[in-house]
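Welcome! Please take a moment to look over the sequence and the structure below, and then we will walk through them together.

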Amino acid sequence: HELILSPHNRRLFEREMSIASRCRHQHLLQLIGATNDDGSRLFITELLDTDLRNILTQRALHQEEIVSCLALDVARGLNFLHLNKPFPIIHRDTSSSNVLLWRRDNCWRAKLSDYGAANFMRQHMTENPGARIYAAPEALTSQQSPKVR
């Protein structure tokens, strides 16, 4: 219990709350509210049907589902974060469990969630991306080059 209420975890929660409150886009999970009062940390978000990891454990997705809806939705969400002013936001944990889904017509639509590993991009690279399996290969080496805008 003391670990959960630690000052370090409180700062992480406040940081995630700060980032999530700046992210209003149709392909990002909508934050409705948050509280950090009296040690009761709580995010209130919109409710979606499932996540991509759950769907992938049930069945393989068709190429058309991936390209025409899911990949495009995730790309649009990431694009919004990367173009954020004054500092772009790098999600750093784009994994199947952080891609939330809901049904519209006969296809799944996607929204990115979980800004716990997100960071504001400046002129240096960040270390230790969220899920190593989904990280860019250069993120795992010391041979990273800064992003140029």
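Which residues make a nonpolar surface patch of about 290 Å²? The answer is Ile32, Leu42 and Ile44.

## About the model

This is a predicted model, in which local features need pLDDT of at least 70 and side-chain atom pairs count only at pLDDT 80 or more, while totals for chains, interfaces and linings use all residues. Residues are numbered from 1 along each chain as its sequence is written, and side-chain values use heavy atoms, with hydrogens and water left out.

## The overall picture

The protein has 3 helices and 7 strands; helices (H or I, at least four residues) and strands (E, at least two) are DSSP runs, numbered from the N terminus. Starting at the N terminus, their order is α-β-β-β-α-α-β-β-β-β.

The protein has 149 residues, and 36% of them count as buried. Here, buried means under 20% relative accessible area, exposed means over 50%, and partly exposed lies in between (1.4 Å probe, protein chains only).

## The patch and Leu42

Like charges are joined within 9 Å, and nonpolar side chains (Val, Leu, Ile, Met, Phe, Trp, Tyr) within 5 Å. Leu42 is part of the nonpolar patch and lies in strand E2, residues 42-45. Because its relative accessibility is 45%, Leu42 counts as partly exposed.

## Helix H1

Helix H1 covers residues 7-21 and reaches 21 Å from its first C-alpha to its last, close to the 21 Å expected (1.5 Å times one less than its number of residues). Phe13, Glu16, Ile19 and Ala20 are buried in H1. Down the axis of H1, the buried residues fall within an arc of 130 degrees, so they line one face of the helix; the arc is that of the directions from the helix axis to the C-beta atoms. Pro7 and Arg11, on the other side of H1, are exposed.

Ser18 also lies in H1 and is partly exposed, at 28%. Ser18 and Tyr115 are 97 residues apart in sequence and 9.5 Å apart in space, C-alpha to C-alpha.

## A buried loop residue

Asn98 sits in the loop between strand E4 (89-90) and strand E5 (99-104). Asn98 counts as buried because its relative accessibility is 6%. Leaving aside residues up to four places away in sequence, Asn98 touches His91, Asp93, Lys111, Leu112, Ser113 and Asp114, where contact means heavy atoms within 4.5 Å.

How values were computed:
Patches are made of residues with over 30% relative accessible area and no salt bridge: like charges are joined within 9 Å, nonpolar side chains (Val, Leu, Ile, Met, Phe, Trp, Tyr) within 5 Å. Accessible areas come from the Shrake-Rupley method with a 1.4 Å probe; for residues, only the protein chains shown count as cover. A salt bridge is a side-chain nitrogen of Lys or Arg within 4 Å of a carboxyl oxygen of Asp or Glu.
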